[in-house]
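User: I am new to this structure. Please walk me through how to read it.

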Amino acid sequence: MKIEQAKQIATKAIEELSHALEAGHSEKLREYLGAMARFHRYSWHNVMLIASQRPLATHIAGFNTWKQLGRFVKKGAKGIMILAPIVRKKSEDEAFEEDQNNVTVGFRAVYVFDQADTDGKPLCDLASAEGDPSGYTEKSKQFVAQRGIHLEYSDAIYPAQGQCSAGKITLLPGQSAAEEFNSLAHEVAHSLLHFTERRGETSKCVRETEAEAVAFVICEAIGLKANNSVDYIHLYSGDKETLVSSLEYIQRTSAEILSAIAPSE
């Protein structure tokens, strides 16, 4: 019953988001992208559940995890329902097929609580870029190199701030630190998302919007405000399944990049 309730919450959130985009309003989607940045370790489905139940949530954890952190859930606090995987150990035959030792066999509904619903020991301050993403830029460059992507700088691409082709990213030299990081994140997103068979299934407008959405999530996640003016309404073409697919790609790509450049956050 709880799993069905969770599915209903997510379905309703998608319906409301679709209606908002159809009406020409993309603020709600920007809010979901912000939640994606705060909870990038969670699946897109759980991001939707968290944001739709508690839009202002900042840091979430289960009852026992908060207790281990020296904080206690307030009496009467209402939990946030998300879905957690049910796993079992692989058999010997299955273990030879993949490296992972466990396999997901289903999901169950669990409740987590926002920091605002707890009292106790103060949390350590989270790392913040504070407008200077230099350390993250270097880690992003390392990520690019590890993926076999060549990075170079050239004035020839002006007025573009960045360009991407198969196996190659070019950035405009002379950008501010924040602009360079944002441009690099945007082009890395293109490289991961749009040089597969999926390229032929998406329009240029959708590809640009997806890349900008990934850059927005990454910038927000490291504490760098992304002042882009992109209209995220372009992700919606009247098809809810296509919208959900784009958002899932954005979430997975953002999470992959963030796990490499900010693994402890």
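User: Where should I start? How does the span of α7 compare with what its 17 residues should give?

Analyst: The expected span is 1.5 Å times one less than the number of residues. For the 17 residues of α7 that should give 24 Å, and the end C-alpha atoms are 24 Å apart, which agrees. Helices (H or I, at least four residues) and strands (E, at least two) are DSSP runs, numbered from the N terminus.

User: What kind of model is this, and how are residues numbered?

Analyst: It is a predicted model: local features need pLDDT of at least 70, side-chain atom pairs count only at pLDDT 80 or more, and totals for chains, interfaces and linings use all residues. Residues are numbered from 1 along each chain as its sequence is written, and side-chain values use heavy atoms, with hydrogens and water left out.

User: How many helices and strands does the protein have?

Analyst: The secondary structure comes to 9 helices and 8 strands.

User: How many residues of α7 are buried?

Analyst: First the scale. Buried means under 20% relative accessible area, exposed over 50%, partly exposed in between (1.4 Å probe, protein chains only). In α7, 14 of the 17 residues are buried, so the helix is largely enclosed by the rest of the structure. Of the 265 residues of the protein, 43% count as buried.

User: Which strands does α7 lie across?

Analyst: Helix α7 (residues 177-193) lies across β6, β7 and β8. Contact here means heavy atoms within 4.5 Å. For directions, axes are lines fitted to C-alpha atoms, for helices over the stretch in contact, and angles run from 0 to 180 degrees between N-to-C directions. Helix α7 runs at about 155 degrees to β8.

User: In what order do the strands of that sheet stand?

Analyst: Pairing comes first: two strands pair if DSSP finds at least two bridges between them. Here 3 strands form an open sheet with mixed pairing, in the order β6-β8-β7. The edges are β6 (150-153) and β7 (162-165); each has a single partner strand, so one side of each lacks a neighbour in the sheet. On average, neighbouring strands are turned by 15 degrees against each other, direction ignored.

User: How many bridges join β6 to β8?

Analyst: There are 4 bridges, and β6 and β8 (residues 168-171) run parallel. Tyr153 stands opposite Leu171 in β8.

User: How do I read an aromatic pair?

Analyst: A pair of aromatic rings is described by the distance of the centres and the angle of the planes. Rings of Phe, Tyr and Trp (its six-membered ring) pair if their centres lie within 6.5 Å; planes under 30 degrees apart count as stacked, over 60 as edge-to-face and the rest as tilted. The count comes to 2 aromatic pairs. Tyr32 and Trp44 are edge-to-face, at 6.1 Å centre to centre and 75 degrees between the planes. Tyr32 lies in helix α2 (residues 27-38) and Trp44 in helix α3 (residues 44-53), 12 residues apart. Phe39 and Tyr42 have ring centres 6.3 Å apart and planes at 85 degrees, so this pair is edge-to-face.

User: Is Tyr42 buried or partly exposed?

Analyst: Tyr42 is partly exposed, at 23% relative accessible area. Phe39 is buried, at 4%.

User: Which charged residue lies 3.9 Å from the ring centre of Tyr249?

Analyst: A charge sits over a ring if NZ of Lys or CZ of Arg is within 6 Å of the ring centre and within 35 degrees of the ring normal. Arg198 has its charged end over the ring of Tyr249, 3.9 Å from the centre. Arg252 also lies over the face of Tyr249, at 5.0 Å from the ring centre.
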